[in-house]
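Have a look at the fold first, then read on.

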Amino acid sequence: MVERTNLLRFHLSGVEKQLNQNLERIPRSKVKADDMVDALCLGISALIGEQGSTRFIIGERSKDVRAIPMRIAYSLYANS
C-alpha cells in the first residue's frame with residue numbers, strides 16, 4: 001500500500017491527509033484501507049486516460065462471471 005500511496009502523492013497533493021481522514025471516518029467493516037488506495041489509483045488512472053493516452057493490452061478478451069467483457073487498460077503518462 002505504501003508504494004501506491006507514494007505514486008498517488010505525485011498526482012494528488014495531500015493524499016495522505018485525505019486517506020487518514022477517511023480511515024478515521026469509515027469503519028474497516030465497510031471498506032479496507034487498501035481498497036481506498038486502489039479506488040484513488042483507478043480514479044487518477046481514469047483522469048489520465050481522459051487525456052487520450054489510454055492503451056489496452058492486446059490479447060484474448062476475458063469475461064467476468066456475468067459474461068461482461070473485460071480487458072486491461074493502462075495510461076501513457078508524459079511525466080513518467
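What follows covers the ground rules, the helix packing, the core and a few single residues.

This is a predicted model, so to speak plainly about the cut-offs: local features need pLDDT of at least 70, side-chain atom pairs count only at pLDDT 80 or more, and totals for chains, interfaces and linings use all residues. Residues are numbered from 1 along each chain as its sequence is written, and side-chain values use heavy atoms, with hydrogens and water left out. Helices (H or I, at least four residues) and strands (E, at least two) are DSSP runs, numbered from the N terminus.

- Helix α2 spans residues 15–25, and its buried residues are V15, L19 and N22; buried means under 20% relative accessible area, exposed over 50%, and partly exposed in between, with a 1.4 Å probe and protein chains only.
- Those three sit on the same side of α2, because they cover an arc of only 65 degrees around the axis, where the arc is that of the directions from the helix axis to the C-beta atoms.
- An α-helix has 3.6 residues a turn, so residues three or four places apart point the same way.
- N22, in helix α2, is buried at a relative accessible area of 16%.
- Leaving out residues up to four places away in sequence, N22 touches R28 and M36.

**How the helices pack**

- α1 and α3 pack at an angle of about 40 degrees, with their axes 10 Å apart; axes are lines fitted to C-alpha atoms, for helices over the stretch in contact, and angles run from 0 to 180 degrees between N-to-C directions.
- That pair is therefore oblique: angles under 35 degrees count as roughly parallel, over 145 as roughly antiparallel, 65 to 115 as roughly perpendicular, and the rest as oblique.
- The α1 and α3 crossing is left-handed, meaning that the near helix is turned anticlockwise from the far one by less than a right angle, while clockwise would be right-handed.
- On the α1 side, R4, T5, L8 and H11 make this contact, and on the α3 side it's D34, V37, D38, L40, C41, I44 and I48.
- α1 and α2 have axes 9 Å apart and pack at an angle of about 125 degrees, so they too come out as oblique to each other.
- Where α1 and α2 meet, T5, L8 and R9 come from α1, and V15, E16 and L19 from α2.
- The axes of α2 and α3 come within 11 Å and cross at roughly 135 degrees, which makes α2 oblique to α3.
- The α2 and α3 crossing is right-handed.
- V15, L19, N22 and L23 of α2 meet A33, M36, V37 and L40 of α3.

**The nonpolar core**

- The largest nonpolar core has 7 residues in all: L8, V15, L19, M36, V37, I44 and I48. Such a core is a set of buried Ala, Val, Leu, Ile, Met, Phe, Trp, Tyr and Cys residues joined through side-chain atoms within 4.5 Å.
- α2 and α3 are the elements that give two or more residues to this core, and α3 gives the most, with 4 residues.
- Setting aside neighbours within four places in sequence, I44 is in contact with L8, H11 and L12.

**Single residues worth a click**

- T5 lies in helix α1 and is buried, with a relative accessible area of 11%.
- Not counting residues up to four places away in sequence, T5 touches V15, E16, L19 and V37.
- V2, also found in helix α1, is exposed at a relative accessible area of 60%.
- The C-alpha atoms of V2 and V37 are separated by 9.4 Å, though the two are 35 residues apart along the chain.
- S45 lies in helix α3 and is partly exposed, with a relative accessible area of 29%.
- S45 and H11 are 34 residues apart along the chain, and their C-alpha atoms are separated by 9.9 Å.
- A67 lies in the loop between β2 (62–63) and β3 (69–70), and its phi is near 65 degrees, a positive value in a residue other than glycine.
- A67 counts as partly exposed, at 49% relative accessibility.

Definitions and conventions: Contact means heavy atoms within 4.5 Å.
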